[in-house]
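Subject: Structure handover and notes

Dear colleague,

I am passing on the structure below, and I would be grateful if you read the notes that follow with it open beside you.

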Amino acid sequence: MIVGIVTAVTTAVLFGVLLLYTQRLENAVREIRSLKGMLPICSHCKKIRGSDNAWYPVEVYMSKRTDVTFSHGICPECYVTLYGNLPSRGGEK
């Protein structure tokens, strides 16, 4: 009888853990699916056309559909293109 109770409790705990991991896996699959597929993007301004046929900046489109946040900077190549040989604020190029 004690073995039966221990077996039942162990089974219940393992079933609960299985449900938790299944839920996490389903959430991960949902997130992956939201990023899957082709995105119509403007070849000039890089805005993305949404399902409502409106055009959104990449940052806005991705932020609305994922947990991604953006910070902006300038890569070294663009810095030279935009500012030439001017020193940056930190005294570096």
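Let me begin with Lys46, which is found in the loop between helix 1 and strand 1, the latter spanning 48–49. Please keep in mind throughout that this is a predicted model. The phi angle of Lys46 is near 70 degrees, a positive value in a residue other than glycine, and with a relative accessibility of 43% Lys46 counts as partly exposed. As background, most residues other than glycine have a negative phi. A second residue with a positive phi that is not glycine is Asn53, for which the angle is near 65 degrees. Asn53 is found in the loop between strand 1 and strand 2 (55–56), and Asn53 counts as exposed, at 56% relative accessibility.

As for the overall layout, the chain has three helices and two strands, and read from the N terminus on, these elements run α-β-β-α-α. The chain comprises 93 residues, of which 6% count as buried. Among contacts between residues at least 6 apart in sequence, 8% join residues at least 24 apart. The chain exposes about 8400 Å², and carbon and sulfur atoms supply 63% of that area.

One of the buried residues is Ile48, which lies in strand 1 and has a relative accessible area of 3%. Which residues does Ile48 touch, not counting those up to four places away in sequence? The residues in question are Leu39, Pro40, Ile41, Ala54, Trp55, Tyr56, Val58 and Tyr61. The value of 3% lies under the 20% cut-off, and Ile48 therefore counts as buried. The C-alpha atom of Ile48 is separated by 9.3 Å from that of Met62, a residue 14 places away along the chain.

Thr66 has its place in the loop between helix 2 (58–65) and helix 3 (76–83). The side chain of Thr66 also reaches the backbone nitrogen of Val68, at 3.2 Å. Is Thr66 buried or exposed? With a relative accessible area of 15%, Thr66 is buried.

Turning to the cysteines, the structure holds zero disulfides. Cys75 is in no disulfide, and the nearest cysteine sulfur, that of Cys78, is 3.6 Å away. Cys78 is likewise in no disulfide, with the sulfur of Cys75 as the nearest cysteine sulfur at 3.6 Å. As to their accessibility, Cys75 is partly exposed, with a relative accessible area of 34%, and Cys78 counts as partly exposed at 40%.

Finally, there is a nonpolar patch on the surface, formed by Met1, Ile5, Val9, Val13, Val17 and Tyr21, which together have about 660 Å² of accessible area. Of these residues, Met1 has its place in the segment before helix 1 (2–34), and Met1 is exposed, with a relative accessible area of 85%.

With kind regards

Notes: Residues numbered from 1 in each chain as written. Predicted model: local features only at pLDDT ≥ 70, side-chain atom pairs only at ≥ 80, totals over all residues. Heavy atoms only, no water. Helix = DSSP H or I, 4+ residues; strand = E, 2+ residues; numbered from the N terminus. Buried < 20%, exposed > 50% of the residue type's maximum accessible area, 1.4 Å probe, protein only. Polar contact = N/O pair within 3.5 Å; in protein donor to acceptor, adjacent residues only side chain to side chain. Disulfide = S-S within 2.5 Å. Contact = heavy atoms within 4.5 Å. Areas by Shrake-Rupley, 256 points an atom, 1.4 Å probe, with all protein chains shown as cover. Patch = residues over 30% accessible without salt bridge, like charges linked within 9 Å, V, L, I, M, F, W, Y side chains within 5 Å. Salt bridge = Lys/Arg side-chain N within 4 Å of Asp/Glu carboxyl O.
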